[in-house]
Every structure is written in C-alpha cells, then in structure tokens.
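Hi everyone, thanks for coming. Please have a look at the structure first.

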Amino acid sequence: DPALIFDLGGKFDKSFNEAAFMGAKRWADETGGSFREIELQSEAQREQALRRFAEAGSNPIVMAGFAFADALGQVAADYPDTKFTIIDMVVDAPNVRSVVFNEHEGSYLVGMMAAEASKSGTVGFIGGMDIPLIRKFACGYAQGVMAANPDAKVIANMTGTTPAAWNDPVKGSELTKAQISQGADVVYAAAGGTGVGVLQTAADEDILSIGVDSNQNHLHPGKVLTSMMKRVDNAVYEAFSDGADMETGFSVMGLANGGVGYALDDNNAPLVSDEMKAMVDAAAAKIASGELKVHDYMSDDSCPALSF
Amino acid sequence: MEFLTIIQVLDSTVRLATPLLLACLAGLFSERAGIFDIGLEGKMLMAAFLSAAVAAVTGNVWLGLLAGIASSLVLAGLHGVASITFRGNQLISGVAINFLAAGMTVLIAQDWFQQGGRTPSLLREGRFGGLELPFAIGPSDAEAAGRPLSELIAEAGMFQQVYSELLSGHSILVYAAFLAVPLTWWVLFRTRFGLRLRAVGENPAAVDTAGVSVVGLRFAAVAICGLLCGIAGAYLATALQAGFVKDMTAGRGFIALAALIFAKWRPWHAMGACLLFGLLQAVALRFQNIELGSVTIPVQVMDALPYILTVVILAGFVGKAIPPRAGGEPYVKER
Amino acid sequence: MTAPAIELKGISKAFGPVQANKDISISVAPGTIHGIIGENGAGKSTLMSILYGFYKADSGEVWINGKKTEIPDSQAAISAGIGMVFQHFKLVENFTVLENIVLGAEDSGLLMPSLTRARKELKALEEEYELFVDPDKRIDEIGVGMQQRVEILKALYRKAEILILDEPTGVLTPAEADQLFRILDRLRAEGKTIILITHKLREIMEATDTVSVMRRGEMTATVKTAETSPEHLAELMVGRKVLLRVDKVPAKPGKPILEVENLRVVDEAGVERVKGIDLNVRAGEILGIAGVAGNGQSELLEVLGGMRPGTGTIRLNGTPLPLSGAGSDGRARRAAHVAHVPEDRQREGLIMDFHAWENVAFGYHHAPEYQRGLLMDNAALRADTAAKMEKFDVRPPDPWLAAKSFSGGNQQKIVVAREIERNPDLLLIGQPTRGVDIGAIEFIHKQIVALRDEGKAILLVSVELEEILSLSDRVAVMFDGMIMGERAADQTDEKELGLLMAGVAGEAA
Amino acid sequence: MEKMPKWADVVLIPLISLILAALLSALVILAIGEDPIAAVKMMVTGALGSTYGWGYTLYYATNFLFTGLAVAVAFHARMFNIGGEGQAMLGGLGVALVCLYIPWPHWSLALIFAALGAALFGAAWAAIPAYLQAKRGSHIVITTIMFNFIAAAVLNYMLVNVLKPAGAMDPATARFAEAVHLPSLHELLVPFGINFSKSAPANVSLLVAVAACFAVWLLIWRTRLGYEIRAYGHSEPGALYAGISPVKITMIAMLISGGLAGMMAINNVMGEAERLVLNSTEGAGFIGIAVALMGRNHPFGVFLAAILFGFLYQGGAELALWTSIPRELIVVIQALVILFTGALDNMVRIPLEKIFLALRKEKA
Ligand SMILES: Nc1ncnc2c1ncn2[C@@H]1O[C@H](COP(=O)(O)OP(=O)(O)OP(=O)(O)O)[C@@H](O)[C@H]1O
Ligand SMILES: Nc1ncnc2c1ncn2[C@@H]1O[C@H](COP(=O)(O)OP(=O)(O)OP(=O)(O)O)[C@@H](O)[C@H]1O
Ligand SMILES: [Mg+2]
Ligand SMILES: [Mg+2]
C-alpha cells in the first residue's frame, strides 16, 4: 500500500494538506485500493513516520511539505527499495521523486484577477510562514497585479516565521482587518489553515478573497474571487498510481502541464466577468507557451514587483 | 501613525482582550476564594471546542454557548472535587486539567467530525455576529451606500470613527465581558456573598467558625470561574473565530493569570491589565518587526512581551502582589 | 433545679490513631463559669471544638438547655446560642473589625444594611460590656488584646448565651487578663454561661465556679472550685503528686560569656521588635528572660541563634559575632559554640518528617564526625543517635522513627539532647518545656542545671513565670522590645515580675 | 504514630491511582468507538514487542528521565518547577552551539561538552525564576511558566534569525557534523553480539540519564547538600534555624533542576535529530512533572515512571500510525495519570487509611 504523510497544518487545513488528501482519496476511490496516512504532531515525528511506513512495506511513501527534506535525506538511503515522493522540495536520492510547482505562475493569474476586481486599486497578500516558497507566491501575485493595473498597490504580510504560522486563523483574521483598513478590497491568502481566518474575515467584512492550493471558492460562495489551484492532489494521485515502480527524479508542475491554475465554478462565476476571464486565459496561454516569463523569487531571492 | 490606524489597533485590542478579561475575572473569583487555578487554559479550550461543536451541529450559537459553559463547568467541578473535596494539590490539578482538555478536545473532535481535531467552520447563525450600536456606521450603512464599510468609516469624523470602529460592532460577548467588570466589583465588595468569598480566601477557618460552609463557598467560586471560562472559550471559537482548531487558546489562560497577578486580584485593575496585554498582542499581530529609529524590535520580542512583563511585575517592580492569604492551601481542619 | 446549660454525654473523637476524646460526659449549670484544665494534648480544645460544631464527634450526644441538640456545624452551634473564642483567633486579618463581626451573620444579600445595623448594635454592646474597639480598624492594625475583644463581640453579636474561651490569657498581659476576667464576671451576672479553658491554676481558682480535669482524652474529675486546691487539681491532672521545684545549688558565675549591647531587630514587616537591649550572661549561670509572648523575646533568641539579622554588638567570650551578612547564620553560631533549643520544636527544632537520626544531625550536619569523604556517614550518625536516645531516655529509643511519631515530650528530649551534648559555651533555650509532661519537665530542667554547673552560660526564655523563677539565677523582663528590669531570681516574685511584664517599670529598672 | 505503613504510601497508592487512570482511559477509548484491548495490545507490541519499539520507548524515557529528575530535585526543596520545557529548549540551544561551532575530534568529547553546555544553558534559564523566588518571593510556578513562553520566543529568534542556514526553509540549524554523532544503542550493542534495531533513536544518552539518576540519588540522600535541600523543603523556619540559607538552597536546587532539564537536549537534539529544530522538546518538560509525581520524587521511582511514560508515548505513536486514534489519546491518558496520582491521591489515601486503621484496631 502507498502511504501519505501530512505536514503540521493537518489533513483538514482546507488547503495544501487537504489537497494532498483529496488526491489520495481519488486514487483510493478509483482503484479501490487503500493507503496509510498520518498527521504529524511534531517535527521529531517526521523521521519516525517515514521509517515506520518504510519498514511496514508502504511503497511509495508520499510526503506533503518541504519540511520533510531533512528527514527524507536521512532515511531514503536506508530503504533503497522504497520509493518516496516529496512535494515542494528537491531531495537528491535515487529512490526519491521531487515534485515542485510553479506557484508563481498560478499566483500571477490570480493577481491579474485581483487587480481587475479591485475597486480601490489596493490588494492584499497574506502569506503563512515567511519562507522563500511563500515569497514566490507573493512575488508572482504582485507581478500579475502590476500587469493588469500598473498603478495598483500590493500590501503583503506574512503570518509568522515558524510552522505555527500555517495554523493561526486569529492572526490571519487580524492581518486581514489591518489590510482592509489600509484600503485593500481583495486579499489573497497563501497561508494554509491560517487562510481560513483570512477568507472568513474577508467575507465578514464584505470584501473579496482569493483561496489557495485547493479550490476554496465554496467556503464563502460569492465572496471568494477565485482560488489559486496548486494540484498537489494530482501529484499525490500520480505518485499513488505509479506505485512501487514509479520514476524518480525531478518533476515540475506548472501552467503548461496543469500543475497550477485558477478555479472557476458556480460559486465564483458571478464575480468573474468575461473580459476578466479572457484576459487571464490569454496570459495563461502565453505563460504556458513560454512567451511570458513570470519571475520566480526562488531563482534569485529577489522580486521585481514587490519588496519584502 | 494615522488616527484611524490607532483606532483600529485599539479595536483589535478590545477583541483580543475579551477572552483574557473573562478568564482573568474567572481566575479572580477562584483565587479570591483561595483556590489557585492554572487550569483556566484547559477550561477555555474545552469550552471553545464544545461551543463550536454544538454550534456547528445545531446551527445555533446560543446552544453552543450553553454547551461551552457546561463543559467548562464540568472541568471546574473536577478541579473543585480534587482541590476542595479531596484537598489535593491545586497546581497539579490545574496541570492535569490543561492536559485533559488539550487531549479530549482533539480526541472528541476527531471522533465526531473526522476533521483532524477541528470542528467544521461555523456559518453565520453558528457565530456571534457584531452588534451594531445605534447611530454607528455599520455593514447595513455600507450596503445601503453600496460602498465598502472601510471607506465610509475612513471618511467619517474622528468621533464617529471612535464610536463606529472602536465601540460599535463587537459581539455581544465583548460587551458582556466588559460589563462583568463592574458586576464583579459589586459582587465582591457590596454583597454578602462577596464578603464571604473574600474571607474564605483569606482565612477559611474564620468563615467556618462563623457558621458558613467553606466547601460551599469555594465550590460556588469555582463554579463562577467555570462559567466565565466557558464564556471566554465560546467567545474564542464562535465570535473571534469560526470554529475550533486544536490548542486554539494558545496560552491565553496563562496570560490571564499573569494579568490577575498584575491586577493584584482587583476587578478594575484586571480590566486594565487585560487591555494592556490585548494591546501588546494586537500590536504584535499587526506589525511584524517594529522599527524604533535605528533599532528593529523582532517580532519574537513582541510575542514574548506579555510574559516578560509578567515576570517583571512579579519581580515586584510595580509593588508587591500579595495573593489571598489562604490561596493554594486546601482547608484542612484536622491537622 | 433548672436544666444544665450544656450537657455532653459520652463524647468520643479520634484523629486517626490518636484518641483525643474518650467517652466524655460533663454538665455545666447556667449562669456559671466552668473551668477545664488538663495537660497539653489532653483533648480540651477538641472537646470544645466538638461542642461548637467545628469537629464532628465520632459518638456521643450534646444537650443544650435540657434539649438534645444536633450540632453538625458551627452554624448549628451559633443557632443554639453557643459562641467560641478559639485559642488561635479566627479573624480575617485584612478585614475591618466591623466586617469580621458581620461575617456570617449578615441580614441580607446586600452588605450595606448589615454593616449599618452592626455598627449601631456594636456600640450598644461595647457600652454594655465595656468592650471598646474601633469598628473601622483593620484586624492587622490592632493588638492581640483588641483582637480578643473582637472575638468576644463576634459571639455576643450572634446572641451567644454560652461562651467558650480556649486559653484566652496565653497572649495577654496580666493587666489585660484581669480586665478579661472582669468582663467575664459581668457576662455571668447577665446570666450567660462560660466555659474557660486554661493552664493556669490561679485563674481557675479565681474565676471559676466549677472545674473539670481532663487527662489523656478522658474526663477524670469535676469539682466545685471552692472545694478544691491548686495542689489537688495538679494531682488530678497528672495522676500523681507533683512537686514543681527544681533542685539546684546557688550559682557560681564566672567570666562573662555573652555580652549584648544595644541590640536591635527589625522584622520582615519593618516593625522594630527588639529596641536596644543590653545584657550579659556569665559562665555557670542561667539568665531567664520573662515576658508576655510577643514582646521581642522570640526575636532576641532568634537573632542570637543566627536566624535573623539585627544591629548592635554581641560578643562571645570577648569575640564579636556578626549580626548580619556572612557569618551571622545558625551554622556560624554553632561553629562559635552556641547551641540553641528553639521555642518551637515542631516548626524549627525538628524536621518532623525526618527520622530521629537525621534530626540528630540537624544544624550539625557539617560536623566532621558525621562525614565520610564527600558523603555523610549515616551509620555513624545512627550510632550516635542511639547513644543519645539512651542517655536522654527518649521513648521509644528507635533512631529510625520519624520525629512526628514521637510525643511532644520526647521530641523535646531529642532537641535538648542534640544541643546539650554538643557541650556548648552558650545555650540559648526557648520555652524548654512547652507542651511537655511533668516527668519530662523534671528531666529537662535537670539537664539544664547540670550544664550550668559545668560552667556553661545559659539564656532561658520562657513565658512560664514559674519555670523562670525556679530555673534562673537572674531574671530580666522584656516588654515591648526592651528590658524593663532585671532581678535576682531569689529576690523577686511573680507579682513583681507580672508588673514588669505589663510594662509597669519597677524602682530598680 | 503513622496512619499507614510506608510501603502502602509509596507503592500501593500510586498503583491504585494508576489502575484508576487506566480504567478511565479504557472507558475513553471505548467511548470513541475503539477496542481498548486491541489498543493496549497494539501499544504493548509497538512499544515493547521489538528492539525497535524498545528503542523508541527508551529514547522517550531518556527525555523523561532528565525532566523528571529535574522536577524531583526542585521538589525536594518544595519548588514546583514547571519550567522544564523552557529549560530543555535552552539546553538544546546550548547543545547546538557546542556542536555547531566547535570541531570535535570524537563524539565522547563532544558529548561531555555538549552535556555541560546543555546543563549550563538550562541552569541559566532556571536561574532567573530561582532568583526571583529566593529574593522577591515571586511564585516559581508562574515565573517558570512564563519562562517557557519566553524560551520559545528566544529559540524562535535564534533559529529564524541567527542559526538557520541561508536558503533553508524551516527554522532549524544545520545538521551537526558527523563527528558528533552519538552512538545509538544499535552501535553500542553490536560489539556484544546483540542486534538492536538500527532505526530506533535510543542512544548513549540513556546511559548518561541512568547515571544522572544515580547521581541524584546520591545527592539527595547521601550528601550534605541533599540533606540541606530536603530540610529546607520540609521546613523553611527549620532551615533558618539550622543555618541553611534559603536563598542558597533555592538557587542551587533550581540550578541543578534546570541543568538536568537542559541535559535532555543531548538526547533529543544531539542524539536523535542531530540538529536543533523548533519544538524539539515536544512537551517532555511537562511530562517530567507527571513522571516526578508518579515516581514520588525518588530517582528510582522516576526511572520506572519515565519508562512507563516512554511506553505511553511510543505506544501512542504506534496507535496514531496504524489506527485512526489520534495521538491525543496519550495526552488524555497522561492527564488522567497526573490527575489520579497527583491531585486526587487523597481520594485513594483516605479510604486506604481507614482500612489500615481498622486492620490495626482489629489486631490490637
Ligand atoms: N486536628 C487534629 N488532627 C489530628 N490530631 C489532633 C487534632 N487536633 C488535636 N489532635 C490531637 O488530639 C489530642 C488532643 O488535642 P487537643 O488540641 O484537644 O489538646 P488540648 O488539651 O487542647 O491541648 P493544649 O493544652 O495544647 O491546647 C492531641 O494528641 C493532639 O495531637
Ligand atoms: N500534630 C500531630 N499530628 C499527629 N499526631 C500527633 C500530633 N501531635 C501529637 N500527636 C500524637 O499524639 C500523641 C500524643 O501527643 P502529645 O504531644 O499530647 O503527647 P503526650 O501524651 O503529652 O506525651 P509526652 O508525655 O511525651 O508529652 C503522640 O503519640 C503523638 O504521636
Ligand atoms: Mg504532651
Ligand atoms: Mg488546646
């Protein structure tokens, strides 16, 4: 059986981990197979979970989150016959598949939509833990905003510097209120479970929000402009489907191969005008074809559209 | 800093101070009666969970509140049985209650909702909404004007800003918490019950020989403590947030205790202390690193400030805080 | 004949393995003062606490005014018209007098009306019984005499017809005690019934109508006061003829061992407890310090023993000893050959949960003979303990027994053995026989005198005038932190010392 | 006269309390719809059924030994050190600094200095609450709780702003050099021909912890300092009388306590993670309280209780891995153990005393 290990935010964070879970569930539903899973409670458990699953014969073992890199680096060599998949991080080992996403591309698209939807010309970004990965989201977003409206202002805040930042709805809510008071009327949350508080407050205060990772449009129908889809579910699904003899190595999921995108469904259809959709789809096509290049913060630790 | 920004920080101060204030008053009743309670945290957590759970299931936030209070009362009762009836160590009992709540909430939540120890997110009716005071600019005005509320408030005059942003628009529990302050003062210092309660925390033998039941009084105090912690927890889960997540009290019970010591066990001072701690939290939440001239205060300092402040206070730099004399000691008649 | 105000029938009460009251019956006539005497631990306080509903009896009945009355708690006792002034007052220290009086006897849920009414009623009571107190003072601002008045007023405010006083004079000056007895007389004249517990036979003889004697949990006799004598009562108390006199030869004082000049002590609350004392103790003599408890004797002993800091000068064998900072603690004092039997053996002199052998090292745990390398030589310590127990007739002579398992007298013997066997130059000894039975008193007194006869200096603090007079060679009386006067023990008497203790300066002060 | 024989107090009461806690835990497991017997079976096989299980059980037990001893030492001076958590965090910092910045030639040397560093940092973190208690009478329970929070902030700052290698995402230090790798039980036992599981994290720190147990026993019951600590703990006026300085004993006892708590870091930071991460203590400081309470503050009792809690931890991890029972079940069980052994012990003691009294009367 394959196994899936969630990161600290927990399986039901409505975001990253939940997306991973949905992928696994889809696989189970379709194949009738079963899989093992565990929600971690602490850093120290990572290695234990990896080893336990590997020893119990789980194959492949998928872990959602960059924070597993160190533990996996230790463990992978001890279980050469087990295949591992790590999401959001690159671990160089013969039996590891590393899946990374072009989050900046998806964020670019929702950034454009935010700028279009904003009446005040000020939009917000609320990140989770302040790490390069989240700056990558913010930077792509800001580039998209600027592309649609060069005069727009982007307010970016991070929730914290530790993993607790993924799971702090109160802080998400307070930061949202602060951004609203600074004029923001669209807020993009790339903050895992913290985003629940952001979306909630945005809905309470009657402004628009943008979800992340999973399709979060349904959380507050008519209040969530869209969601930046990061198809972690696909990554998990594929890993599970490939099974024990999956190809290892490095895999990039971007706009070109449907790894990222924006969500459009009944919940947000009234919010997305046809011209907005046309504009975004055009940009998406250009990015996919390589014609438009969105700057990746992690490539050089800098952002042309936003300063941190 | 802009005036409106200050108002908004104060507004968030009020929101964040509310659970502290309720818990602090809870501790005040308990400790004034001589029962130390480091289990405020656990009671709040349990109440937060059960109120969210019941509100989620029934869709009725008032039922949620009642359930939260009931669960907190159960834990308060446990603390009472351990420390009053069986004269156990009050600190240990409090530690145990904190553990119990931390574990039970997740355990029940997982069993009940299968969402990794959370409750489902609460919808409108499952939450305490903001109460719009008369003449305040609120969401209804915004809807009527078809413009965002923040714009309307930004345009209003200073007085209206204070009134609409700071005073109006809080959930009913916030107003209840602040009303509880004069009420607590009045009960403690103007009623028979209050006199006896204070006496039992100072010298239970005096109360006992005056023909009043020490056990009864202490249980009453512990029950009031449970009630207030219950409201605090329900506020966290159903007003401040929209649902329960594990460990959502995040040390508020301990800060409330610190505030209680800071306040030297007096109701009005408790309000002041809680507002101060609320302000520190609001500032830490809103601003990451604070720049003061050439030095940057890292966010961790802001996060730790309430605790550092407590230690400083305890060290006696603002006068010695003398706890109720019989505090922490079980009342034992027989040597 | 009218029914007795109080009648107890077959009251028994055990605290764990200790049988505090055994099948006690007693009857008190209305409008009389009834005394109860007995050794420490005889069960007097327990019996009264049962009558007041503070403890619950294991068996037995209480009859009040001829009616069988259940007294499950103090509320019931109060309703039955019983009031009690405890040995240790039951007052809330940071409440005012008025609040203390009202506590538990409020009229309604709101406080104000009760306080107003109490204030009025208090005034009437004060005048009726000459019990003046300031209703708005806080308890911790008034003296013990006043506090006792508050306790009595508390009972009267609750309309007590029966008043129990448990050792009310232990903390009072003789003058205050006299006043108390005048008040009691007045109450009796009003028809109230009073039970008075005391250790002082003189008070029994002067104040009571009848007296009951308790011994080891049993009521051994009840007699009319007019038909008995102190000697007879003492015999009833202890169960054999008692001769409370110490055999000793006249002292042969040598060079001064301890010299104290202008000693001052300020306590934790900032109150000056010892206000400039000068005294000296010579080799081969016993200096007794008399005084009502709380007049600075304890602090004097503690500062000499290194338990608290002070200012001034003290010299031992001519060498000054520091009074604060390094070298002023108990360990340094012991190194300077000062031994100290503290006033409160259970709080200070012993660790109640330690074995006897551990207690024998208490304070001397650094002594070289108890060490073996880096560790303590417990075997040597146990052997030493066994020897000391044998010599001092500690019963049972088992070094492994916890200190709390010994009776008061035997606990005291362990402390005295530990200190005297160190062969000190100066022995500080406080309340050496408090709560100790007569056999042990004789023994301990003998040891003290023997030490004196070896040429050691002894400073004795006791609140028992009899003990002071019979043991000391010289007596100094402390009042309010100062020495009121000093007398040769064989040239003074209780009356003179009593006056000094009350702060009335004598001619030769 | 004692109300009850000593063995009853030391063995019988904790045992009955433990059984009560276990019964209640079983009810909780039943209530969440699981089979308590199966759960216990899984816990036992998972924690004690293999050298792998033992390796984890002993690893956790090592943590709890240190923190349990820390609480016990402070408790002998009647101080309730709730700050084990923070002290252990700071101990981790000490270990990290020692291991990261000094090129050690051999693990044994590194271990000695890492242990010193850990103890030093842990003791330093206990020093301020101790000083405030001794000099200002600030309640040690509150100050140590506060210091736990402050320690978390300090660690957070150090990891995020100072120690995190450039470019790394998670707030953690770099991995320690290979030279400071502590031998695991596997490596230690191979020379004896015992094949202990390779993947379990129990390591040579276990031996240090056991040695600490013995050292604490010697300290408390065989040295003058221990005598003074116990005497002060039983009676402060008594200590003053005997010339034992309350300030000195308060400070020393808390420094030893903090040092012991800090030394936990050689196990979890140096022995297991081999780098310092946030929250590496995982609440072991709090478990130490329960361990000390259960062990009646005696090193041998602490040893047994630490193993018990190690078992609970590892058993609980196994439950979480293979069933849908959340790990929090273990937190509940811990709470019940603390409640019954610590706060409700009179509930067991009072009836027991009555029974013994009745027995004695019968004999008499
Ligand atoms: N609350 C208690 N718990 C346990 N034992 C007690 C308690 N109160 C009294 N005792 C024991 O009961 C016995 C009687 O005590 P009690 O206080 O009644 O004596 P007393 O005659 O009043 O002595 P004193 O003259 O010292 O006041 C003693 O052995 C005492 O140790
Ligand atoms: N505080 C106490 N707690 C428990 N037991 C006590 C306490 N005080 C006294 N006892 C026990 O009560 C018994 C009687 O104590 P008490 O001090 O009255 O002794 P006693 O009969 O006067 O003996 P002695 O003749 O040695 O003075 C002793 O066996 C003692 O162990
Ligand atoms: Mg006696
Ligand atoms: Mg008495």
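Between them, chain C and chain D bury about 2500 Å², with 59% of it on carbon and sulfur atoms. On the chain C side, P17(C), F354(C) and H365(C) lose the most area to chain D, together 21% of what that side buries. Keep in mind that this is a predicted model.

How many residues are in contact here? From chain C there are 33, and they touch 23 residues of chain D.

Now for the charges. Side chains of opposite charge can pair when their charged atoms come close. Across this interface the rule finds 1 salt bridge: E358(C) pairs with R230(D), and their closest N and O atoms are 2.8 Å apart. There are also 15 residue pairs in polar contact across the interface of chain C and chain D. By class, the chain C side that touches chain D has 11 nonpolar, 12 polar and 10 charged residues.

Over all chains, the count comes to 58 salt bridges. Let me show you one inside chain D: D9(D) and R349(D), with 2.8 Å between the closest N and O atoms. D9(D) sits in helix 1 and R349(D) in helix 16 of chain D, so this pair links distant parts of the chain, 340 residues apart.

Finally, a network of salt bridges links D70(A), R175(D), E274(D) and R275(D).

Definitions and conventions: Residues are numbered from 1 along each chain as its sequence is written. Chains are lettered from A and ligands numbered from 1 in the order in which they are written. This is a predicted model: local features need pLDDT of at least 70, side-chain atom pairs count only at pLDDT 80 or more; totals for chains, interfaces and linings use all residues. Side-chain values use heavy atoms; hydrogens and water are left out. Contact means heavy atoms within 4.5 Å. Buried area is the accessible area (1.4 Å probe) that two parts lose on being put together, summed over both. A salt bridge is a side-chain nitrogen of Lys or Arg within 4 Å of a carboxyl oxygen of Asp or Glu. A polar contact is a pair of N or O atoms within 3.5 Å; within protein, one must be able to donate a hydrogen and the other to accept it, and residues adjacent in sequence count only if both atoms are side-chain atoms. Ala, Val, Leu, Ile, Met, Phe, Trp, Tyr, Cys and Pro count as nonpolar, Asp, Glu, Lys and Arg as charged, and the others, Gly among them, as polar. Helices (H or I, at least four residues) and strands (E, at least two) are DSSP runs, numbered from the N terminus.
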